[in-house]
Amino acid sequence: YAAFGEVSWSITPQLTVTAGARYTVDKKRMDGEARILSLGQPGDILSPAPLREPYAVEVEKTWREVTPRFAVEFKATPDILLYASAARGFKGGGWQSATPDRATALRPFDPETAWNYEIGIKSDFFDRRVRLNLAAFQASYTDIQLVFRQGPVPLLFNAGEARIRGFEAEANWRHDSGLTVDAGMSLLDDDILSVTAIPGATATVQPGDDLPLTPSFQGNFSVG
């Protein structure tokens with residue numbers, strides 16, 4: 001469950017500051033059992049699973065996180081808004097979905113956290129027929145959940161820091177006839193800054209590598 005509160009203050013008709021926070025209680029429980037269902041010798045083609053021993057686990061853990069958010073907005077004109085924000089977020093913890101032994105199954109991974117910073121402009125032109133939004137942002141991760149391997153088994157551990165920097169642009173044009181043109185693009189520069197060694201496991205990434213599933217460029221264009 002979570003509780004959330006936010007307060008905004010209009011310092012002037014053009015300038016507004018906002019502060020808020022969310023308190024989250026993330027309670028999880030896992031009941032698991034692993035059995036060896038092998039038709040052959042351990043490690044051969046009939047027994048591909050690396051399970052070392054059958055086991056059963058019942059685990060429960062509660063994580064508590066406070067995630068604040070701060071923002072400033074400045075209405076430069078009725079059609080141009082400048083803004084900046086800083087917010088903390090987190091990705092929940094848990095347990096491994098498959099492990100070779102009970103000791104590893106009992107070991108949780110904790111939430112990863114990130115501070116997200118963004119500045120941008122939202123603007124309309126030509127009687128709001130043209131819209132242009134621009135934003136630059138950075139996300140700084142701590143205790144990031146990285147994939148390690150124990151033999152062939154992938155496991156998650158809190159084992160590093162990472163950073164993502166980027167830029168986004170969105171444009172829209174609307175004609176009186178109803179025709180609309182939309183376009184957008186984003187640029188990302190991401191790096192794993194550090195990786196903490198995990199005894200008995202091998203990291204699948206190293207400092208300087210890109211984060212998984214973070215393309216450096218994305219774009220879209222549509223006419224309707």
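Author: Here is a short chat about the strands, cores and surface of this model. It is a predicted model, so local features need pLDDT of at least 70, side-chain atom pairs count only at pLDDT 80 or more, and totals for chains, interfaces and linings use all residues. Residues are numbered from 1 along each chain as its sequence is written, and side-chain values use heavy atoms, leaving out hydrogens and water.

Reader: Great. How many bridges join strand 3 to strand 4?

Author: There are 8 bridges between strand 3 (residues 55-77) and strand 4 (residues 80-91), and the two run antiparallel. Strands are DSSP runs of E, at least two residues long, numbered from the N terminus, and two of them pair if DSSP finds at least two bridges between them. A hairpin of 2 residues links strand 3 to strand 4. Lys-75 has Leu-81 of strand 4 as its bridge partner.

Reader: And which residue in strand 5 is the bridge partner of Leu-82?

Author: That is Ile-121. Strand 4 pairs with strand 5 (residues 112-125) over 12 bridges, in the antiparallel sense.

Reader: New topic: is Asp-26 buried or exposed?

Author: Asp-26 counts as buried, because its relative accessibility is 17%. Buried means under 20% relative accessible area, exposed means over 50%, and partly exposed is in between (1.4 Å probe, protein chains only). Asp-26 sits in strand 2 (residues 15-34).

Reader: What does Asp-26 touch?

Author: Leaving aside residues up to four places away in sequence, Asp-26 touches Lys-61, Thr-62, Trp-63, Gly-92 and Gly-93. Contact here means heavy atoms within 4.5 Å.

Reader: Which residues touch the most other members in the largest nonpolar core?

Author: Tyr-141, Phe-148 and Phe-157 do, in a core of 18 residues. A nonpolar core is a set of buried Ala, Val, Leu, Ile, Met, Phe, Trp, Tyr and Cys residues joined through side-chain atoms within 4.5 Å. Strand 6 (130-142), strand 7 (145-150), strand 8 (153-158), strand 9 and strand 10 (180-195) each supply at least two residues of this core. The largest share, 3 residues, comes from strand 8. Apart from this core lies another, of 9 residues, including Leu-51 and Trp-95.

Reader: Back to Tyr-141, what does that one touch?

Author: Not counting residues up to four places away in sequence, the contacts of Tyr-141 include Glu-112, Ala-114 and Ile-164.

Reader: Last one: how exposed is Trp-173?

Author: Trp-173 is partly exposed, with a relative accessible area of 34%. Trp-173 belongs to strand 9 (residues 160-174).

How values were computed
Helices (H or I, at least four residues) and strands (E, at least two) are DSSP runs, numbered from the N terminus.
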